[in-house]
Amino acid sequence: MQLGLDAAAAAATLKLFADGAYIALLEEIGRTEVGLVEASARYGSAHPKVEAAKSARDQATSAALSLAQSATGLDAPTLS
């Protein structure tokens, strides 16, 4: 339990990182973060393009968390 996970949680996490759909969502989160940073640098924080970029990032993050919970059976605090 060196990483703060029991054996079952560790095995579930390894299974998750072998899931292509989850990896694709992580990549999408990265792309949306880049879009958010670029929009924030170009426009003010309340600009519609910044708000759209935040929304895209939040949707990708939510989808990844949902998939992770479904695939592993772990709750959000354990996955965080």
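Thirteen residues make up the lining of the largest pocket, with L16, Y22, L65, A68 and L79 nearest its centre. A pocket here is an open set of 1 Å grid points where a 1.4 Å probe fits, with protein on both sides within 12 Å along at least five of seven lines, and lining residues have an atom within 4 Å of a point. Two or more lining residues come from each of α1 (7–16), α2 (20–42), α3 (48–72) and α4 (76–79), helices being DSSP runs (H or I) of at least four residues. The biggest share is that of α3, with four residues. The space inside comes to about 180 Å³.

The model is a predicted one, with local features needing pLDDT of at least 70 and side-chain atom pairs pLDDT 80 or more, while totals for chains, interfaces and linings use all residues. Numbering starts from 1 along each chain, and side-chain values rest on heavy atoms, leaving out hydrogens and water.

One aromatic pair turns up, taking rings whose centres lie within 6.5 Å as paired. It joins F17 and Y22: the ring centres are 5.4 Å apart and the planes sit at 90°, so this is an edge-to-face pair (planes over 60 degrees apart). Y22 is buried, at 10% relative accessible area (buried means under 20%, exposed over 50%, partly exposed in between). F17, at 46%, is partly exposed.

Between α1 and α2, the loop holds D19, which is partly exposed at 24%. The C-alpha atom of D19 is 19 Å from that of R31, twelve residues away along the chain.

How values were computed. Points joined across faces, edges and corners; volume = space filled by probe spheres on them. Phe/Tyr/Trp six-rings, centres within 6.5 Å; stacked < 30°, edge-to-face > 60°. Buried < 20%, exposed > 50% of the residue type's maximum accessible area, 1.4 Å probe, protein only.
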